[in-house]
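Student: I'm new to this one. Could you show it to me and take my questions as they come?

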Amino acid sequence: MTDDSEPFQLSCPLPHMSSEFIKLGHGSGGVLSAQLLQSVFLPAFKNKVLSGLEDQAALSIAGAPLAFTTDSFVIRPIFFPGGDIGSLSIHGTLNDLAVGGAKPLYIAASFILEEGLAVADLERVVQSMRRACDESGVLLVTGDTKVVDRGKGDKIYITTTGLGLRSPDFQLSMKQVELGDKIIVSGTVGDHGMAIMSAREGLEFETALESDSASLLPLTELMLGSDGAGVHWMRDATRGGLSAVLNELVEARGFGLEVEEKMVPVRREVKGACEMLGLDPLYVANEGKLVAAVAADRAEEMLERMRGHALGRDAAIIGTVTENHKGRVILKSALGGSRALSLMLGELLPRIC
Ligand code: MG
């Protein structure tokens, strides 16, 4: 054990709930991120639009219903199976507009480059961004470049801002979600996070893991049609995974969610990798999956519609909005047990997006 000169140190594997200094966990999309938002950003900027805490701001300017959003990308490595920081930075911002029911129109991009980055790598990233813009019919119309000293950055960070046009005929927000709504996930969860982890740590699995990074716009357009088709709210399940999205909803609205664990689609190889590393795929990041709350009487029809598209082929109804379990997500296991699916405390995998 230990002697008097070396006192036995107990340490807690969970991060402290408050801190004087920023930790990697403050960028996780979990409890620490939420604390930072509540204690620093919201008190400073509080306004009606921001307080909605959606992934995009729903604005109205001169009568035009707009959606506006911004995201930073600090992923490591910058090239990974299934994508790179360039395509990811466009998909991420497009998806935040698309899940708000908006048609993305314009993108702004800001680059922070580290001295010593190969110009060929920058060109590869930029070409990838251009292809992602072309695929979704958006234009990158303004931008900025800054360079920091060698060792003061990590190759490249990108911030993208997007502007889109919302439909005047329906509105998607957490406020629209009703008791009895069905929760639909558009496909397998955990693909992006496990692909990044295997690329970063040099882990080899039987089947290569690939990020699901993709623009969700074709799927959201198909889902919503011209009248919203009974969809009340959507969000893309990025960092913090499916659990973060579901917890944000119950926290904002105070009702409960019951989720059938066996209905959540997880790729066999992702499940295997998660088991090996002791991770729960419900907490692992996605970059091409959305979660929707849909009116109960429209949910089956919506599921069929989603499954008709490659991006929604594995879509599943995974749960229901309930009066019970107020403010909590309850996960029902295949064996009949149940447990609360809480928001992740700190950081599962830093710099995942
Ligand atoms: Mg989002």
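Tutor: Let's start with a term: donors are N, O and S atoms within 2.8 Å of the metal (3.2 Å for Na, K and Ca), and water is not among the atoms, so sites may look incomplete. This is a predicted model, where local features need pLDDT of at least 70, side-chain atom pairs count only at pLDDT 80 or more, and totals for chains, interfaces and linings use all residues. Residues are numbered from 1 along each chain as its sequence is written, and side-chain values use heavy atoms, with hydrogens and water left out.

Student: What makes Asp55, Asp96 and Asp236 donors of the magnesium ion?

Tutor: Their OD atoms lie 2.0 to 2.1 Å from the magnesium ion. The limit is 2.8 Å, so they count.

Student: How are the donor residues spaced in sequence?

Tutor: The pattern is D-x40-D-x139-D. Asp96 sits in helix α3 (residues 85–98) and Asp236 in strand β9 (residues 231–236), so this pair ties together parts 140 residues apart in sequence. Helices (H or I, at least four residues) and strands (E, at least two) are DSSP runs, numbered from the N terminus.

Student: Why is Asp96 called buried?

Tutor: Buried means under 20% relative accessible area, exposed over 50%, partly exposed in between (1.4 Å probe, protein chains only). Asp96 has 6%, so it is buried. Asp236, at 4%, counts as buried too.

Student: Which residues of α6 and α9 make the contact between them?

Tutor: Contact means heavy atoms within 4.5 Å. Leu219, Leu222, Met223 and Leu224 of α6 meet Met302, Arg305 and Met306 of α9 that way.
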